[in-house]
Amino acid sequence: MLWRSGPGWLRTLSTLRLRALGLQPGQSNARLPALPVWAAASVSAAAPGGWYEALAASAPVRAAEEVLLGAHAATGLPWWGSIMLSTVALRGAVTLPLAAYQHYILAKVENLQPEIKNIAKHLNQEVAVRAHQFGWSKRVARLTYLKNMRRLVSDLYVRDNCHPFKATVLVWVQLPMWIFISVALRNFSTGAAHSEAGVSVQEQLAAGGVLWFPDLTAVDSTWILPVSVGVVNLLIVEIFALQKLSMSRFQMYVTHFVRAVSVLMIPVAATVPSSLVLYWLCSSLMGLSQNLLLRSPGFRQLCRIPPTKSDSETPYKDLSAAFCAKFLSRK
């Protein structure tokens, strides 16, 4: 038989699969279903020593667990309320200031564009004169222009302390935080985390839901939470797209990719515990609120974000009009 001919670990895995289906080693495996590729990958990831097990036991995930347990103990709220409150607090205390800083950097970069265009115009003229004077080829002239242009633009960024890379700090903080808290909640929901006050966190989550999802360790069979996550994420993408009057081809590709990811999140969210999906939904709602808040002229002034030519005095009215024109117009 094949199960006898493989290495030791493969024989063990095959034996376990046979016994789970009511078969014994050596018995006909004609009715043994094939293991799908995605299932095999999941088994490999969750296997002892796999990358997911290492992530689930990592220090950042343990720290996220302590934060969630501390918030639950301090507030005394049921777990659904504790998860929502923790999400709002973390997004408000960590990502909102970073998002304001991101807009601050991007506003300064936008205000530099007229100066950059002026420099580019004069540099192009100077390079053309030098190329004619010294007999440069088009390739040499182009390389000279690009080299000097990069240097001059970099000097402007240093002068105004607004290098565009600084605007990516939000992503480097928000994405790991989202992953660590998601894994921590999964540890709670699967019983992989430690107990609290003698009662396992998994048991508390099983009775810590509300409305149509009373058990936070189970999936949402109604699909209300998963669909809500997808819809809110799509709203965030569309608001970003409506904000851009014109997008480059690369920005269009990125926007379409994020749209696809938002849709794919729906079936993914339908296969994980409701505690994770509740966190994802709260986090997305906070992201949507954060994006809308950062459009407010008053809030931008409070955060000392420099005014730009693209700013509007009636951002919400403009957004509503653009949304209606794109999605509700029958023309």
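Modeller: Before we start, helices (H or I, at least four residues) and strands (E, at least two) are DSSP runs, numbered from the N terminus. This is a predicted model, where local features need pLDDT of at least 70 and side-chain atom pairs count only at pLDDT 80 or more, while totals for chains, interfaces and linings use all residues. Residues are numbered from 1 along each chain as its sequence is written, and side-chain values use heavy atoms, with hydrogens and water left out.

Biologist: OK, which residues does UniProt list as "transmembrane region"?

Modeller: Residues 223-241, from an unreviewed UniProt entry.

Biologist: How far apart are the end C-alpha atoms of residues 223-241?

Modeller: They lie 27 Å apart, and the span is 95% helix and 0% strand.

Biologist: And where does Trp-223 lie?

Modeller: In the loop between α9 (201-206) and α10 (224-243). Trp-223 has a positive phi of about 65 degrees, although it is not a glycine.

Biologist: Is Trp-223 exposed, partly exposed or buried?

Modeller: Trp-223 counts as partly exposed, because its relative accessibility is 39%. The cut-offs are under 20% relative accessible area for buried, over 50% for exposed and partly exposed in between (1.4 Å probe, protein chains only).

Biologist: What about Arg-304, what's its phi?

Modeller: Near 60 degrees, a positive value in a residue other than glycine. Arg-304 lies in the loop between α13 (297-302) and α14 (315-328), and it counts as exposed because its relative accessibility is 70%.

Biologist: Switching to packing: at what angle do α8 and α12 pack?

Modeller: Helix α8 (residues 169-190) and helix α12 (residues 274-293) pack at about 155 degrees, with their axes 9 Å apart. So α8 is roughly antiparallel to α12. That term is for angles over 145 degrees; under 35 is roughly parallel, 65 to 115 roughly perpendicular and the rest oblique.

Biologist: Which residues of α8 and α12 meet?

Modeller: From α8, Met-177, Trp-178, Ile-181, Ser-182, Leu-185, Arg-186 and Ser-189; from α12, Ser-275, Leu-276, Tyr-279, Trp-280 and Ser-283. By class, this contact has seven nonpolar, four polar and one charged residues. Here Ala, Val, Leu, Ile, Met, Phe, Trp, Tyr, Cys and Pro count as nonpolar, Asp, Glu, Lys and Arg as charged, and the others, Gly among them, as polar.

Biologist: Last one: how many helices and strands are in the chain?

Modeller: There are 14 helices and two strands. Buried residues make up 34% of the 331 residues.

Methods:
Axes fitted to C-alpha atoms, helices over the stretch in contact; angles between N-to-C directions. Contact = heavy atoms within 4.5 Å. UniProt positions renumbered as here; feature names shortened; annotations may be inferred.
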